[in-house]
Amino acid sequence: ISSAALGVILGLSGLAAGAATVGCCANMVGFAVASYRENKMGGLIAQGIGTSMLQVGNIVRRPWIWLPAILTSAILGPISSAVLKMTTYSGGAGMGTSGFVGPFLTYTSMTDGGRTILYTVLCIVFMHFIFPAVISLGISEGMRKLGWIKENDLNGAELGMAPWISSANGVDFYTGWNRGPIFLKRSDDVDRGAYEFTKFFL
């Protein structure tokens, strides 16, 4: 499911789009900081300004690891719309911090709507980055102390790319990622199986 596509299809705009953007930021930044001890700087960047979809495999196996991001969204979404009156366009509603699309479109929307640059920038910095990071980290650390999130529940196994090289043990692999299928790295056997499965359809 693409949150970006949903934002466009539903025609979200104004306050609704602004709240949706904050919610997406809470997921991306939230997972980035909550999984930092497992995934370090690479995971922080990949999820924080890439996509939290990298955690989907872990969420399917352990749905409760989604709670910090969900609770953060539930806290910050109403504040962004009812209190701060943050707005954006439909294109940014489902993007969050991915490629900084959400923050940039929020800036454009709010300044076009008459908000000052200083007010807009402060809202973006705190509601898109700082508050999602602090709240999500606090909740996730609390869940770790309670044993609800265990070591490696948010591990980087979902973050590596399958090592497609020209050949290995007699099996030819794709030599590039451009315009081709990409698999998340799991193990050599699974990577090779994914290759064979895709080759069957190509």
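Helices and strands are named here from DSSP runs, helices being H or I runs of at least four residues and strands being E runs of at least two, and both are numbered from the N terminus. The model is predicted, so that local features are described where pLDDT is at least 70 and side-chain atom pairs count only at pLDDT 80 or more, although totals for chains, interfaces and linings use all residues. Residues are numbered from 1 along each chain as its sequence is written, and side-chain values rest on heavy atoms, with hydrogens and water left out.

**Overview of the fold, with nine helices and two strands.** Along the sequence, the elements follow the pattern α-α-α-α-α-α-α-α-β-β-α. Of the protein's 202 residues, 38% count as buried, where buried means under 20% relative accessible area, exposed means over 50% and partly exposed lies in between, with a 1.4 Å probe and protein chains only. Contact means heavy atoms within 4.5 Å, and among the contacts between residues at least 6 apart in sequence, 65% join residues at least 24 apart.

**Close-up of helix α2 (residues 14–34) against helix α5 (residues 67–83).** The axes of α2 and α5 come within 8 Å and cross at roughly 150 degrees, each axis being a line fitted to C-alpha atoms over the stretch of helix in contact, with angles running from 0 to 180 degrees between N-to-C directions. The two helices, α2 and α5, are therefore roughly antiparallel to each other, in a scheme where angles under 35 degrees count as roughly parallel, over 145 as roughly antiparallel, 65 to 115 as roughly perpendicular and the rest as oblique.

**Detail of alanine 19 in α2 and alanine 82 in α5.** Leaving aside residues up to four places away in sequence, alanine 19 touches Gly77, Ser80 and Ser81. The C-alpha atoms of alanine 19 and isoleucine 79 are separated by 8.3 Å, although these residues are 60 residues apart along the chain. Alanine 82 is exposed, with a relative accessible area of 52%, and its C-alpha atom is separated by 8.3 Å from that of leucine 15, which is 67 residues away along the chain.

Helix α5 has 17 residues and reaches 24 Å from its first C-alpha to its last, close to the 24 Å expected at 1.5 Å a residue, the expected span being 1.5 Å times one less than the number of residues. Its buried residues are Pro68, Ala69, Thr72, Ser73, Leu76, Gly77, Ser80 and Ser81. After α5 comes lysine 85, whose phi is positive, near 55 degrees.

**Close-up of α2 against helix α8 (residues 117–145).** The axes of α2 and α8 come within 8 Å and cross at roughly 50 degrees, and the pair is therefore oblique, with a right-handed crossing. From α2 the contact draws on Thr21, Val22, Cys25, Ala26, Val29, Gly30, Val33 and Ala34, and from α8 on Met127, His128, Phe129, Pro132, Ala133, Ser136, Leu137, Ser140 and Arg144. By class, the contact of α2 with α8 has 11 nonpolar, five polar and one charged residues. Serine 140, in α8, is buried with a relative accessible area of 1%, and, not counting residues up to four places away in sequence, serine 140 touches Ala34, Pro68 and Ile149.

**Detail of positive phi values at lysine 40 and asparagine 152.** Most residues other than glycine have a negative phi. Lysine 40 lies in helix α3 and has a phi near 55 degrees, with a relative accessible area of 46% that makes lysine 40 partly exposed. Asparagine 152 sits in the loop between α8 and β1 (167–168), has a phi near 75 degrees and, at 41% relative accessibility, counts as partly exposed.

Key: Left-handed = near helix turned anticlockwise from the far one by under 90°. Nonpolar A, V, L, I, M, F, W, Y, C, P; charged D, E, K, R; others polar.
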